[in-house]
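Q: I have a structure open and some quick things to ask. Can we go through it together?
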Amino acid sequence: MDDIDRHIINSLQEGFPVCDRPYQGVAFKLGLTESELIDRIQILLDNGTLTRFGPLYNAELMGGAFTLAAVSAPQDQFERIAGIINAFPEVAHNYARDHRLNMWFVIATETPAQIQHTLMAIEQQTGLAVYNMPKINEYFVGLKLEA
Amino acid sequence: MIVDGWDQKLLEAIQQGLPISPRPYARLGDLLGLSENEVIERLDRLKQIGLIKRMGVIVKHRSLGYLANAMIVWDIPDHQVQEVGRQISEFEFVNLCYRRPRSGQDWPYNLYCMIHGKNRESVLKKFNFLEQCCQTQSFPREILFSVRCFKQRGAIYYHSDQELADG
């Protein structure tokens, strides 16, 4: 990745136009040709620097339900518990964190009732108390990382 | 919500990504049987009603060298949490900021934010700066660094039957 790639990533994190020649417009601002920009985006996608290039949806407006949950997994059972939780298709992300509550995961389902159902199933299968921390308010939605 | 069958097809077609070619919206139109103009008008509308927050890229933190990520939690009095949440979210390096319910005595925290950094030191530096600016030092709080990412499913939000999958 070079400086041009960094400029491209920083610019595209701010948005991408919806018009007939969007790459041309973005390329012009970055001092590139349309085909240079297209080639570079394709490479950044192919080599995994970018996960996705497209729309960022408002997940709640799309009709889904989400929550953040955590468990305190005993060290000697950590891998087994992680395996159980990760096997749930409703679990979208799962991170180990250095805290007594050492496993933090996001559950995403189509309906709120399915969230409750999944939480109960995880409690049953792991034998652990699951802390449920659904969002009450969101103060920020953007995600911009300086490349 | 005012989304018709064409919108659904369009949302489904772009969820894996926009075509990387000079006229991406014409290409989408070809796939769906819509004109380029219709695709552009529909996407504009979907942005206006907020269903699409924006078009752009999703970046992998790790590939940009952002190896450390911390979840910071505070216990802020209920009458102040809204104001503090707004302040915290103003900082460019704060990626997400949420109010969540407290979970009993051993987890009294009600405000969460995420800070990414190239390493732990840089995250802590940002955190200290944030605390000074927002004067949150006196509130109980904890920093939870991630030590491992087990699962990070690709974002699939939409199928034509309005099924939803990811967060």
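Q: In which sense do β1(A) and strand β1 of chain B pair?
A: Antiparallel, over seven bridges. In chain B the strand is residues 52-59. Two strands pair if DSSP finds at least two bridges between them. Strands (E, at least two residues) and helices (H or I, at least four) are DSSP runs, numbered from the N terminus.
Q: What stands opposite A:Phe53?
A: B:Val57, in β1(B).
Q: Where do these numbers and letters come from?
A: This is a predicted model, where local features need pLDDT of at least 70, side-chain atom pairs count only at pLDDT 80 or more, and totals for chains, interfaces and linings use all residues. Residues are numbered from 1 along each chain as its sequence is written, and chains are lettered from A and ligands numbered from 1 in the order in which they are written.
Q: How many residues of chain A are in contact with chain B?
A: 61, and they meet 67 residues of chain B. Contact means C-beta atoms, placed from the backbone, within 7 Å.
Q: Which element of chain A gives the most to that side?
A: Strand β1 (residues 50-57), with eight residues.
Q: New topic. Which residues of α4(A) are buried?
A: A:Ile81, A:Ala82 and A:Ile85, in a helix of residues 78-86. Buried means 20 or more other C-beta atoms within 10 Å of the residue's own, exposed 12 or fewer, and partly exposed in between, with C-beta atoms placed from the backbone.
Q: Why are they on the same side of α4(A)?
A: Because they cover an arc of only 100 degrees around the axis. The arc is that of the directions from the helix axis to the C-beta atoms.
Q: What does the face turned away carry?
A: The exposed residues A:Glu79, A:Arg80 and A:Gly83.

Terms used. Contact = placed C-beta atoms within 7 Å.
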